[in-house]
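Hi everyone, thanks for coming. I'd like to walk you through one structure today, so please have a look at it first.

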Amino acid sequence: MIHFVLLISRQGKVRLTKWYSPYSQKERTKVIRELSGLILTRGPKLCNFVEWRGLRVVYKRYASLYFCMCIDEDDNELEILEIIHHYVEVLDRYFGSVCELDLIYNFHKAYFILDELLIAGELQEPSKRTVARLVAAQDSLVETAKEQTSSITNIIAQVANV
Amino acid sequence: MNPFSSGTRLRDMIRAIRACKTAAEERAVVRKECAAIRAAINENDQDYRHRNLAKLMFIHMLGYPTHFGQMECLKLIASTGFPEKRIGYLGLMLLLDERQEVLMLVTNSLKQDLNHSNQYIVGLALCALGNISSAEMARDLAPDVERLLQFRDPNIRKKAALCSIRIIKKVPDLAENFMHPASSLLKEKHHGVLITGVQLCTDLCKVSSEALEYFRENCIEGLVKTLRDIANSPYSPEYDIAGITDPFLHIRLLKLLRILGQGDAGASDCMTDILAQVASRTESNKNAGNAILYECVETIMSIEDNGGLRVLAINILGRFLSNRDNNIRYVGLNMLMKAIMVDAKAVQRHRATILECVKDSDASIQKRALELVYLLVNESNVKPLTKELIEYLEVSNQEFKGDITAKICSLVEKFSPAKIWYIDQMLKVLSEAGNFVKDEVWHALIIVISNASDLHGYTVRALYRVFQASTEQESLVRVAVWCVGEYGDMLVNNVGMLDIEEPITVTESDAVDAMEVAIKCQRLGLTTKAMALIALFKLSSRFPSCSERIKDIIVQNKRSLVLELQQRSIEFSCILQKHHNIRSALVERMPILDEATFTGRKAGSLPTAVSASSIIPCNLPNGIAKPAAAPIGDLLDLSSDDAPPAPVSSGGDFLQDLLGVDLSPASAPSGTSQSPKTGTDVLLDLLSIGTLPPVQSSSSAIDILSSSHDNKAPVANLNGLASHSSLSANATSPASSAGMMDLLNGTGAITQKHEENGPAYPSLVAYESSTLRMTFNFSKQPGNPQTTFIQATFTNLSPNVYNGFLFQAAVPKFLQLHLDPASSNTLPASGNGSITQCLKVTNTQHGKKSLVMRIRIAYKTNDKDVLEEGQINNFPRDL
């Protein structure tokens, strides 16, 4: 099971956190601090696994961002690397060659995509296309709702003008 | 911009925060935003609620408190529109965790959304429930989730399956409800549903043996067929990763098969063919393929024996180990750890490669490899492997040295074929990385040395040589100093020369020089210097020719700014000057230290009542035979931090330190936290027998003393005295100890007095049930009537052993309670032993109110947790 997902920038700034196991707010800050110290200092050629508090953290660096997932000792580390890559590819497809700024300004989108990929710390969908389709469908639902409200506000505004 | 809008847009806020150059600026921006959001919340602003929440989430990610937004999430979730709900659920998952009570309020909204007509809203609710559900919510909403496992849209079914995993993990009783729906998911074609269904079955097997049996009977063939289909499937672009169709599904199927095959030969048989196929035909040039192979190897290793498959698996691991990719090597090492339980020989073949990995530049790999080497060592290969590790120790980097020394020490101790080898290896480790070893390691070494009477000369000369070469490694210096103190005469006279040794000439003054170096060296710590002082003191009688010089060195330290050294040197020089008659007896060589007691204590179990009749037959695996010495408690208190605080009264401290080397803070608060001791301790401490664990009753102390009576002359001299005073448990007869007190030039006499006038209280059966009795013994320190020391003794009245014994007590506000650790957490059955625990109660209203206490005792018996509670009102009035 994946206990949590972290996206940390090379400068140690947190870009996304998702907790599937209960950690109190205090613990979360501590975990993030500990792990960024551990991971950001590792050299480029080393393996992508860090042992930490009896668990294992699998991380992978994409450009300036570190994607980290914390798993149990008996989970498959290599598979987690694939899951991370899977997530990155979906993000890439969604944003069109994703960069850190996309994830900063549209952080909620990154969360929505992650929620279509993982639930309860387990993988939900192996098909990138399905994930993209589901996210797009929900985005369009939001768009429709927005248009409706704006048209209603327009009508109200017109009435008010008259 | 919308005319009704207030505040900034999300994007603008993020931009503003990013534009901040200092942390203070950022805080200011965030504070302003938070204020605006709070205002909006107070006005119950509906239009921008979701925007505000999105901002809060960003602020939350930066690490600022956002609890005030929690209720907003609930409001958004309760609203009707999809956009509001979407952001509301996101906020719920981000800002709350399952332990917050607010979460209970959302259960009703979740229930409604799980039954919503819009499937995306159902999806949102399932996702939130799966990610943060608490046990209560899981119980309430399980029926809805179970129903959704049959929902028409596969995307809801897969979410429901993962949500069910969370539910059964939180409430394992619900597992059986999910068994049948889960097994029907295994027949699905949709990969998402299939993957999540397999995962759900795996987790069901973990929480319920009934489910495991059910799947074993009904699903194995289907699963094997699914795996075969997917392994043989032609290229499918939707699920393809590096030329393999859906590796995620592969891995999950293999994992479930592993659980089903474990411990069931029939089930294991069904899957051998497909496992062989996956293991031999999966491409290993990409990570995805290796991930499958890795999982497959683990399954092969875990299911019931099939020789052919295991060979295949070990070969795959061999390939992993020689792979250039660090990740692959890491998992290879990891898997070999598991394989070693199954087939140690096959793993031994890769020993050389594994040793190479210990020297890798990657810390993660080093650690794994070291763990593995540790498991690989046995009697036959301990010598070459230790040699390798010690050689590597010289070049390894600083952070890794601690780990590696700990492992070497434990290996050497476990498998040592001969004492001399053990001592040699330990000396190498200490001289290489002595600063990294834990205290108990060099303590253990001293004990082994003390027991190897034929090697005393050899050891002390070897240590002297290394000490001359370098004083860099402190624990080496300590061992050397101790040995020179004890066996200095053997050093000088070349006693017990072995053939392999080169003779050295050390004069008496050389040995004294060495000790002087240890005392004067700036770098060495207090403990080492104190040990060196003792060593000098001991040498004073071994080397009469140097005794004047030794006296000088000791006198110099009288002015030491460190209290400990100053005190010791004052005491020692006093003995040197005034007490010639007892000096030689005092500095007598240490009796052989008892290994059994030490190992017992190291293991955390305190030896109760070691008596002469119970000489433990010794089959130590390392071939270090224990001489039949009378067990004499701990002659030298080598404990520094792992042992419970020694029960010493303040008067005893001086004397304990006189010969002991314990400078740990553990003994510092003694006398306040322990029940006051009688003069027995003073005497016991003088002979360094004083560190008996607090459990031991005075009768066992006598046991020890009388047992030593037979063979230890110096102890025998004082024996009658000591046992006499230990019999008069609370009231010391001052006469018996007075003889010893002048040793201290009166320092101890004052502190000693208080023992005599402590009023006696009858002991009290504080609590008694059909299974357990607790007795309190009271004592007080004179001059401090408010404080009562209580020794609680627990006796098991049932025929079953109690494990995990825990005693807790609570007192009203006018009392202060201090609990010391209990003597043990296991209580033997039928009153065959007891646990004791000391309590200190301070009554701030002494004389007005009497003590009262509420207690709770928890323990485990027959695998059941038992909790007993009670209140104690019948304390003696004047406590």
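**Helix packing, surface and salt bridges**

Let's start in chain B, where the axes of helix 29 (residues 508-520) and helix 31 (residues 547-556) come within 11 Å and cross at roughly 5°. Those two helices are therefore roughly parallel to each other. On the helix 29 side of chain B, the contact is made by B:S509, B:V512, B:D513, B:E516, B:I519 and B:K520, and on the helix 31 side by B:R549, B:I550, B:I553 and B:Q556.

Axes are lines fitted to C-alpha atoms, for helices over the stretch in contact, with angles running from 0 to 180 degrees between N-to-C directions. Angles under 35 degrees count as roughly parallel, over 145 as roughly antiparallel, 65 to 115 as roughly perpendicular, and the rest as oblique. Contact means heavy atoms within 4.5 Å, while helices (H or I, at least four residues) and strands (E, at least two) are DSSP runs numbered from the N terminus.

Now the provenance: this is a predicted model, in which local features need pLDDT of at least 70 and side-chain atom pairs count only at pLDDT 80 or more, whereas totals for chains, interfaces and linings use all residues. Residues are numbered from 1 along each chain as its sequence is written, chains are lettered from A and ligands numbered from 1 in the order in which they are written, and side-chain values use heavy atoms, leaving out hydrogens and water.

Over to chain A. Its secondary structure comes to five helices and seven strands, and from the N terminus on the elements run β-β-α-β-β-β-α-α-α-β-β-α. Of the 162 residues in chain A, 57% count as buried (under 20% relative accessible area, with exposed over 50% and partly exposed in between, for a 1.4 Å probe and protein chains only). Among contacts in chain A between residues at least 6 apart in sequence, 46% join residues at least 24 apart.

Back in chain B, what covers the buried residues of helix 4? The cover includes helix 2 (23-42), helix 3 (49-61), helix 5 (82-95), helix 6 (102-105) and helix 7 (107-114) of chain B. The buried residues of helix 4 (residues 70-78) include B:C73, B:L74 and B:I77.

On to salt bridges, meaning a side-chain nitrogen of Lys or Arg within 4 Å of a carboxyl oxygen of Asp or Glu. In one of them, A:E89 pairs with A:K128, the closest N and O atoms being 2.9 Å apart. A:E89 lies in helix 2 (residues 77-95) of chain A and A:K128 in helix 5 (residues 128-161), so the pair ties together parts that are 39 residues apart in sequence. A:E89 counts as partly exposed at 31% relative accessibility, whereas A:K128 counts as buried at 12%.

In chain B, B:R216 forms a salt bridge with B:D264, with 3.6 Å between the closest N and O atoms. B:R216 is in helix 13 (residues 209-218) and B:D264 in the loop between helix 15 (247-261) and helix 16 (265-281), so this pair ties together parts 48 residues apart in sequence. B:R216 is buried, at 14% relative accessible area, and B:D264 is partly exposed, at 22%.

Let me finish with helix 31 of chain B, from the opening pair. The side chains of B:K551 and B:E548 meet in a salt bridge (3.6 Å, N to O). Being three residues apart in that helix, B:K551 and B:E548 are separated by about one helical turn. Thanks, and happy to chat!
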